[in-house]
Amino acid sequence: MSQTKEIPLMEKIVSLCKRRGFIFQSSEIYGGINGFWDYGPLGAELKRNLRDTWWRAMTRDREDVVGLDATIIMHPAIWKASGHVDTFSDPMADCLVTKKRFRADHVEPQSGTVYSYVGAVGEEVPVDSTGCKALLNHVAKHLEIPAMNVPDLATEVRTLLSHPDATHEVEPLDNAVARIVGSVLESWRDEKFSVLLPAGKPPESARKVAIQFYTSRGLKNPALLGETTAKVENSRAFNPENGAQLTEPKPFNLMFHTFVGATASEDDRAYLRPETAQAIFAQFKNVVDSTRQKVPFGICQIGKAFRNEVTPRNFTFRSREFEQMELEFFIKPDEAVEAVCGSVAQWSESADLSAPQPNWGWEMWHRYWVAQRTAYYAGIGLGADVLDYFWQGKGDLAHYARACVDILFKFPFGTEELEGIAARGDFDLTAHQNACGKPLEVFDEEVKLAFAKWTPEQRAALVARKQNENSAKEKGVLPAEKIAEWCERLFKGFYVPHVIEPSAGLDRLALAVLTLAYTEIEKTDAKGNKETLTVMRFHPRIAPKKVAVFPLLKNKPELVAKARAIYDTLKKHVAADYDEGGSIGKRYARQDEAGTPFCVTVDFDTLGEKGPELLDTVTLRHRDDGSQERVKISDLPGRLLPLVS
Ligand code: GAP
């Protein structure tokens, strides 16, 4: 995905977030904790508004989606069955010099010259009582045996000691050889190490880093051994900050764990959920049994998720504690749709996705949810100009997944994922059904009746088609009897629903709307001085405060009383603010920075001083163009509420 260099803009946004109380670093008074963020007064309102718009769009406004609010810690068997215990990991690599940890697949690719060393010897080899330290150093410095090779070293020492200049006669040759070899080994590291230098940097820079590495391995003033060089292109094997070699990538499980109960033994190990989705699968049966929902229908949830990300980065974009907004939308398998409707609707660019149809299979449902989610984003100000889509290639999909698209947002640091929408087949419910031993199938009378009308030949043809599809798979091939069993259950009206999963990050969405809203405007004051002001152009629906009410002057009780009365009325309906401090210009600027779309000012006209026609009217000021109009106080709720809710 593309990367643009707009770091100064991000810095300005981060600074505004702190200054105006949108987002603070968690535990800041203790130096902060990497990957954790707190939302201040304005941020908490913004997040709440985003949460509410999502909840309304996904469940309140629909008849076919219900909500869930599950616990963060669940039975650890859930994470085993879902595959998270075994496979929810990122590749991790450490810098061999600074120990800084990187996500191996996120390291910026580097090109240049690699300087490699086979090892190093310390200058301070132990003093040799027989006076052959010089000899020892000679051995140490000139032996460039790639791997530690004691017999070769011993032969070399023996030859050197037999030289007429050697002064070892006080002890037998074999003793001297053994002792010197031991000393050299102690001061010698045969560990290989490499440094990548970008074009134009002097070799000394590489040697400096290599010396740091061997020093960290316990050598004093190491002399480098066996330097060789080679050119590389786009390598992720080196620390971009100092060029030092990284360790081989190792999988690092991202789940935070804890212990439930007083004994804190391994048997009590539990996990903080890394996604909210699994609770939906685990409670699927209860929701089906306690509501009148029938497939197709969905269960949605908003809640905290935790991932011990290797490298949290880009402000809140990749955090270790964050909130997800997830929907699991359960649908019939395509074969059931085919039985009921005669065929399954095929998706095409011109397909009508406005309202779900009975003949939709997974593909239409998947496209439908992409369209629904796109419409949701447009409704809070994230239009086609700031979104993009990344469709995973067939080869990159998990074996059970049919399709997966990421909705991307154009962040200042690059175009990155905001939400993933996956067609996951029946993988999740089947995995839990197998692991817990309880059926998670639904019974669908309509499907049973439809198959009852099929001839034995039609059924046999469906079984054969499923067997062929199964054996043609590259991954996840099932035993033939499982396919036959699945078909038999389907013919009787039983199936494990398939699922479409739109999964969005609330914190990423908050970051997206913050970066999109951030606007700078140049203003020239009465004295001709230029200043840059910040306006946060949030969509009114998600703005933290919808309206601010000001009396023109705070020392005029009639103005204050009127303004307070208007504020008291409006705050019953929307998040409102009251401000009487400073000039009106300053108060507008403060609200612009907070992103308040409307300001209401009570002035002397409101009191009827210019005539009865302006009595009980106020100035309504619009944030985005600064325009002002005169509005009756009694009209304010009617004017504002439809714009902000
Ligand atoms: N149940 C599917 C699932 O969790 P995901 O792509 O791993 O899929 C879904 O996560 C969404 O959650 C992402 O699109 C992103 O918005 C958000 N998300 C994931 N990891 C995050 C993190 N470390 N920090 C902030 N948001 C994150």
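Predicted model: local features only at pLDDT ≥ 70, side-chain atom pairs only at ≥ 80, totals over all residues.
**Aromatic pairs**

The structure holds 27 aromatic pairs. A pair of aromatic rings is described by the distance of the centres and the angle of the planes. For phenylalanine 281 and phenylalanine 330, the ring centres are 6.2 Å apart and the planes stand at 80°, so this pair is edge-to-face; the angle required for that class is over 60 degrees. Phenylalanine 281 belongs to helix 9 (residues 277-282), while phenylalanine 330 belongs to strand 16 (residues 321-331), so the pair ties together parts that are 49 residues apart in sequence. Phenylalanine 281 and phenylalanine 330 are buried.

A further pair is formed by phenylalanine 317 and phenylalanine 413, whose ring centres are 5.5 Å apart with planes at 70°, so this pair is likewise edge-to-face. Phenylalanine 317 is located in the loop between strand 15 (297-306) and strand 16, and phenylalanine 413 in the loop between strand 18 (403-411) and strand 19 (414-423); the pair therefore ties together parts that are 96 residues apart in sequence. Phenylalanine 317 and phenylalanine 413 are both buried.

One aromatic cluster is made up of Phe329, Trp360, Trp365, Tyr368 and Trp369.

**Charges over rings**

Two arginine residues lie over the faces of tyrosine rings, as tabulated here.

| Arginine | Tyrosine | Distance from the ring centre |
|---|---|---|
| Arginine 373 | Tyrosine 377 | 5.1 Å |
| Arginine 621 | Tyrosine 588 | 4.4 Å |

**Helix 11**

Which residues of helix 11 are buried? In this helix, which spans residues 334-341, they are Glu335, Ala336, Val337, Glu338 and Ala339. These buried residues pack against helix 14 (445-452), helix 15 (456-471) and helix 16 (480-491). Glycine 342 follows helix 11 and has a positive phi, near 90°.

**Histidine 432**

Histidine 432 is part of helix 13 (residues 427-436). Is histidine 432 buried or exposed? Its relative accessible area is 7%, and the cut-off for a buried residue is under 20%; histidine 432 is therefore buried. Leaving aside residues up to four places away in sequence, histidine 432 touches Ile78, Ala81, Ser82, Gln278, Phe281, Gly437 and Leu440. Among them, Phe281 is also a member of the edge-to-face pair with phenylalanine 330, and Phe281 is itself buried. Helix 9, in which phenylalanine 281 lies, thus contributes a contact to histidine 432 through Phe281.

Terms used
Residues numbered from 1 in each chain as written. Heavy atoms only, no water. Phe/Tyr/Trp six-rings, centres within 6.5 Å; stacked < 30°, edge-to-face > 60°. Helix = DSSP H or I, 4+ residues; strand = E, 2+ residues; numbered from the N terminus. Buried < 20%, exposed > 50% of the residue type's maximum accessible area, 1.4 Å probe, protein only. Lys NZ or Arg CZ within 6 Å of the ring centre and 35° of its normal. Contact = heavy atoms within 4.5 Å.
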